[in-house]
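The sequence and the coordinates are shown first.

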Amino acid sequence: MLESLRNIVQQVNAAKDFGEVLRLIVQLVKEVMDTGMCSVYLYSPSTNSYVLMATDGLNPNSVGKVHLSSREGLVGLVASRAEPINLEEAEAHPNFAFFPETGEERFRSFLGAPIIHHRKVLGVLVVQQQDRRRFDESEESFLVTVSAQLAGVIAHADATGELDQLLNPQQAVIHERIYPGVASAPGVAIGTVVVISSPADLKAVPMRKVSDTDAELALFRHAMEQTKTDIRALDQTMVNKLSEEERALFDVYVRMLDDHSMGGEVLSLIREGFCAQSAWSQVVLGHIRLFKSMQDAYLRERASDVEDLGRRVLAYLQQSEVKRTVFPERMVMIGEELSAASFADVPLENVAAIVSVKGSRNSHMAILGRAIGIPTVMGVIDLPWGRLDGEEVIVDGHTGQVIVSPRDELLQAYTQQIYEEKLLAADLEKLTDKPCVTADGHHVSLWVNTGLRLDSMLSLDRGAEGVGLYRTEIPFLMLDRFPSEEEQRKAYREHLEMFAPRTVTMRTLDIGGDKDLPYFPIEEENPFLGWRGIRICLDHPEIFLVQLRAMMRASEGLNNLSILLPMISNVPELESALQLIYQVYDELTEEEGYQIEMPNVGAMIEVPAAVYQIRELARRVDFLSVGTNDLTQYLLAVDRNNPRVADLYHACHPSVLRALLAISEGARGECTPVSVCGEMAGDPIGAVLLMALGFRVLSMSATNLLKVKAILRQVSLVEATKLLEEVMLMPDADSVWRHMEKALKKPDLAALFRGTAMH
Ligand code: PEP
Ligand code: MG
């Protein structure tokens with residue numbers, strides 16, 4: 001059964017479109033289960049019924065014509081109960097209904113499994129049998145397994161519009177498509193797509209057209225020759241290591257590149273106007289699909305050889321690629337998995353929006369988007385991004401939608417919204433020099449989170465009172481090796497000078513998790529629970545000590561440096577880090593003669609274990625800073641990067657609020673100052689809650705600073721405390737959120753709540 005399932009999955013993956021997927025499923029399931037017929041019914045929202053969409057065994061002319069409501073027939077019963085039904089004698093069941101147009105009268109037994117995606121019944125997969133037959137348990141679970149696999153494919157077809165087209169073929173084709181993702185940085189933008197692809201990734205190459213076909217042909221031929229030379233050289237080095245037969249594979253490789261094989265197909269695509277990289281990737285991916293769908297296990301394995309060959313040639317093509325120098329004025333950066341490094345090759349001032357297929361609202365790319373105030377949508381899993389280069393799209397960072405080929409009316413509505421948001425921003429700017437004091441006179445310090453040069457400049461414009469979190473790993477991410485002590489010192493000095501005399505809280509290197517340095521790759525099954533933050537720094541004192549030296553030397557004469565330690569999960573870790581900090585300080589001041597004041601040292605509270613040891617940790621440091629992004633992920637066991645569980649990630653969860661209260665009370669008990677530097681602090685509702693919880697220093701993305709100031713100036717601490725008391729009794733995040741929103745959404749503040757962080 002497992003082998004048959006694998007075969008079905010492989011063939012389905014190789015299908016050219018959704019219609020073919022359905023046809024293949026019914027044909028293969030019928031074959032494997034050796035039964036009389038197999039059919040798929042899919043839910044059509046426009047008719048609120050289940051429509052026969054593919055069959056092998058019923059009258060093919062009835063496809064698209066048989067509609068069943070959820071109360072009709074056995075199919076309706078499977079759908080409404082959302083569980084499989086297995087009947088030896090279908091006719092005897094009270095729900096049995098007969099549809100003459102299908103030719104169904106021949107069948108007696110029935111097995112139906114619902115197709116469910118994210119709790120929604122999308123359709124029903126049915127097998128029937130002429131003779132009386134009781135499908136056994138293994139057959140039932142086989143059908144359920146196929147249904148579960150099919151569900152993901154149907155959901156994807158739904159998102160891309162293929163399902164709608166299949167269900168309503170008579171409808172005029174609507175070009176506009178709305179792809180849902182996770183709203184990650186507020187604002188909307190209309191712009192032209194530039195696809196950012198990672199090197200030698202065949203799937204990441206967009207379908208680009210070019211005018212100079214001859215140049216592309218020459219480029220391709222050159223890459224072919226270089227690859228052939230490589231393979232022949234490889235073949236020679238293997239003379240004594242591999243047998244003749246084994247080495248024959250190299251010959252096959254070389255022949256595959258010939259004009260009458262894959263090479264030829266590529267040449268024709270280039271002649272049609274596609275660039276060499278696009279043509280090559282398309283052809284190779286087609287061949288990989290073909291190999292993967294083969295019955296023979298040996299041939300199936302060859303798919304990885306083709307992939308390897310594909311990557312080699314692509315690498316050559318990318319090497320000779322002329323770096324793109326002209327970018328659209330308002331560009332929408334789209335990629336499968338964008339990271340800070342993706343900014344390296346594009347002019348930041350042209351970036352109007354950021355869209356990433358992977359990741360979620362607290363991925364570091366999203367945080368960067370918020371830091372520099374660029375509308376960002378993450379986790380747009382169904383986006384056909386490879387085909388969008390050069391298209392005009394709308395990116396709505398409030399709702400998390402990416403709209404491809406928008407209608408004129410929609411474009412107009414969004415143009416108006418962009419205009420209104422500009423007005424709001426201009427209005428907020430008037431608050432820049434005003435203090436952040438509540439209606440009843442309590443001061444809350446608003447600090448900023450930085451990492452890029454641009455967000456630091458923005459922070460100064462917005463009247464930040466200090467830097468609560470400088471993510472030092474961001475400059476590390478942009479390089480191709482660890483920066484030297486002097487390089488780091490210069491970068492830190494620039495930052496410290498920019499803000500002096502205000503405090504700059506520099507966090508020591510927090511890599512691992514979703515922040516992988518290209519030159520220090522960490523392969524782990526579970527990176528967020530693995531080698532991350534302070535754990536790496538303590539294991540690599542040579543990296544940690546250099547960074548500490550650079551920070552302290554940079555602060556000479558300015559003395560506005562604070563050092564923050566990430567991911568502290570126990571006391572010995574904190575003590576070891578403190579010891580290294582004192583060691584560096586002594587070396588610099590006593591042995592090397594630097595005149596430096598000992599910086600304040602703090603610990604991040606972002607791991608649940610630290611919450612329960614808050615007093616022990618507080619006692620050992622000068623200050624604490626709460627990282628609500630990680631604290632929420634670890635408390636709720638919800639990956640901050642995974643769009644599938646983004647709905648479960650909520651900093652308003654009552655457990656998170658209770659943890660925050662424990663932190664605030666514990667720190668106060670030890671008289672240790674405590675701030676919050678997670679994204680919750682930059683959210684208008686989050687900020688009000690945090691103030692009521694006792695936090696008086698909030699550090700956030702520069703773009704949120706004025707919004708937060710606007711709301712805090714309008715509420716009183718008394719009002720916020722009363723709201724907190726009320727929500728602390730509530731059972732879930734949504735109730736908390738709704739209650740706060742209702743209480744705070746006064747007409748003149750409504751615009752501040754658009755696409756706010758935690759919802
Ligand atoms: C946090 O975890 O809340 C935090 C501020 O750190 P980062 O987002 O960089 O992990
Ligand atoms: Mg963190």
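## Metal site

Donors are taken as N, O and S atoms within 2.8 Å of the metal (3.2 Å for Na, K and Ca), and since water is not among the atoms, sites may look incomplete. In this predicted model, local features need pLDDT of at least 70, side-chain atom pairs count only at pLDDT 80 or more, and totals for chains, interfaces and linings use all residues. Residues are numbered from 1 along each chain as its sequence is written, chains are lettered from A and ligands numbered from 1 in the order in which they are written, and side-chain values use heavy atoms, with hydrogens and water left out.

The magnesium ion (ligand 2) has Glu606 (OE) and Asp630 (OD) as its protein donors, at 2.0 to 2.1 Å. Glutamate 606 belongs to the loop between strand 19 and helix 19 (608-612), whereas aspartate 630 belongs to helix 21 (residues 628-636), so the pair ties together parts that are 24 residues apart in sequence. Helices (H or I, at least four residues) and strands (E, at least two) are DSSP runs, numbered from the N terminus. Both glutamate 606 and aspartate 630 are buried; buried means under 20% relative accessible area, exposed over 50%, and partly exposed in between, with a 1.4 Å probe and protein chains only.

## Parallel strands and crossovers

All of strand 16 (residues 467-471), 5 of the 5 residues, is buried, so the strand is largely enclosed by the rest of the structure. Strand 15 (residues 445-450) pairs with strand 16 in the parallel sense over 3 bridges; pairing requires that DSSP find at least two bridges between two strands. Right-handed means that, with the strands pointing away from the viewer, the path from the first strand over the helix to the second runs clockwise. Tyrosine 470 of strand 16 stands opposite threonine 450, and its bridge partner in strand 17 is methionine 506. Strand 17 (residues 504-507) runs parallel to strand 16, joined by 3 bridges.

Strand 11 (residues 351-356) has 6 of its 6 residues buried, so it too is largely enclosed by the rest of the structure. Its parallel partners are strand 10 (residues 331-335), through 5 bridges, and strand 12 (residues 376-378), through 2 bridges. Alanine 353 faces valine 332, while valine 355 faces valine 377 in strand 12. Together with helix 11 (residues 364-371), strands 11 and 12 form a right-handed β-α-β unit.

An open sheet of 6 strands, with antiparallel pairing, has the order 3-2-1-6-5-4. Strand 3 (67-68) and strand 4 (85-87) are at the edges with a single partner strand each, so one side of each is left without a neighbour in the sheet. Strand 4 is joined to strand 5 (residues 109-117) by 3 antiparallel bridges, and isoleucine 85 stands opposite glycine 112.

## Helix 18

Helix 18 (residues 571-591) contains 21 residues and should span 30 Å at 1.5 Å a residue; the end C-alpha atoms are 29 Å apart, which agrees. The expected span is 1.5 Å times one less than the number of residues. Buried residues of helix 18, including Leu574, Leu578, Ile581 and Tyr585, pack against helix 16 (534-539), helix 17 (541-554), strand 18 (561-565), strand 19 (600-605) and helix 20 (614-620), where contact means heavy atoms within 4.5 Å. After helix 18 comes glycine 593, with a positive phi near 75°.
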